[in-house]
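Please read this briefing alongside the sequence and the 3D view.

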Amino acid sequence: MGGLTRALALCLAAALLAACGGRALNWEADVPAAHIVRSGDTLYSIAWRYGLQVRDVARWNGLGDGSLIHPGQRIVLRPTAAGTSRSAGAAPDGTRSGHGSPRPVLPDLPSPAWRWPTDGAITAGFGEENAALTGVLIEGRMGQEVRAAADGEVVYAGSGLIGYGNLVIIKHNATYLSAYGHNRALHVAEGETVKQGERIAEMGEGPGRKPRLHFEIRRNGEPVDPRPFLPRGR
């Protein structure tokens, strides 16, 4: 009976992981119809939370560059049936794909030349349960420097995304973003331009209450394994 119970538990765990589709543990299991903006939210943090493209969310809500959002505003998180833009606060019809027009072609810009964001060994790899599934965990010491992995613009710096602690998101081009979570302190603000290797944060306490950096690379909004992009040697 004990063996059967363990087998059933393993099957259930596998089914749950498959249903999650590799999303971070703090993401919604299914994207809701809309998100109510809270203090500290940005369009990038909203899109990041639900695994969406910033350009899509902006288009569905008629937000342009998305800089003018405010607490209490209702942000639509799904396309309309006709695939057309809606003004901010308009009610969606609940459908996910725009049948009336094709999805815009996503940009495919070259990947930047990356460097490791901090020193230390990887303690949890991409897709592993003890990471956030969408990145890697790099061990270190409290206060250790966290550096920009490539040139870019800071599009989020704050603690509003549950499960990431103090988080920095850097936009490198229209295709690639990177993220740095579980920081003790942040040394950059939204809108700043950073150079590769520039200090952006200090390592803080991550999973297991140990000093760890959560590092992600996303290509057109989808998390990818960072290791093939980074210099070898770890």
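**Strand pairing around strand 11**

Glutamate 139 has arginine 212 in strand 11 as its bridge partner. This is a predicted model, in which local features need pLDDT of at least 70 and side-chain atom pairs count only at pLDDT 80 or more, while totals for chains, interfaces and linings use all residues. Residues are numbered from 1 along each chain as its sequence is written, and side-chain values use heavy atoms, with hydrogens and water left out. Helices (H or I, at least four residues) and strands (E, at least two) are DSSP runs, numbered from the N terminus, and two strands pair if DSSP finds at least two bridges between them.

- Strand 4 (residues 136-139) runs antiparallel to strand 11, and four bridges join the two.
- Strand 8 (residues 176-186) also pairs with strand 11 in the antiparallel sense, over six bridges, and glycine 181 is found opposite histidine 214 of strand 11.
- Strand 12 (residues 222-224) is joined to strand 11 by three bridges, again in an antiparallel arrangement, with proline 223 of strand 12 as the bridge partner of arginine 218.
- Strand 11 and strand 12 make a hairpin with two residues between them, and asparagine 220 in the turn has a positive phi of about 50°.
- Seven of the eight residues of strand 11 (residues 212-219) are buried (under 20% relative accessible area, with exposed meaning over 50% and partly exposed in between, for a 1.4 Å probe and protein chains only), so strand 11 is largely enclosed by the rest of the structure.

- Glycine 51 follows helix 2 and has a positive phi, near 70°.
- Leucine 52 is placed in the loop between helix 2 and helix 3 (54-61), and it counts as buried at 19% relative accessibility.
- Leaving aside residues up to four places away in sequence, leucine 52 touches Val31, Ala47, Val57, Trp60 and Leu77, where contact means heavy atoms within 4.5 Å.
- Between leucine 52 and valine 31 the C-alpha to C-alpha distance is 9.0 Å, although the two are 21 residues apart in sequence.

**Salt bridges**

- The structure holds nine salt bridges, each defined as a side-chain nitrogen of Lys or Arg within 4 Å of a carboxyl oxygen of Asp or Glu.
- Arginine 218 forms a salt bridge with glutamate 216, with 2.9 Å between the closest N and O atoms; arginine 218 is buried with a relative accessible area of 2%, and glutamate 216 is buried with a relative accessible area of 0%.
- Aspartate 56 and arginine 59 form a salt bridge whose closest N and O atoms are 3.1 Å apart, and both lie in helix 3, three residues apart, about one turn of the helix.
- Aspartate 56 counts as buried at 4% relative accessibility, whereas arginine 59 counts as partly exposed at 28%.
- Arginine 147 forms a salt bridge with aspartate 119, the closest N and O atoms being 3.4 Å apart; arginine 147 lies in strand 5 (residues 145-147) and aspartate 119 in the loop between strand 2 (74-76) and strand 3 (122-124), so the pair ties together parts that are 28 residues apart in sequence.
- Arginine 147 counts as buried at 11% relative accessibility, while aspartate 119 counts as partly exposed at 47%.
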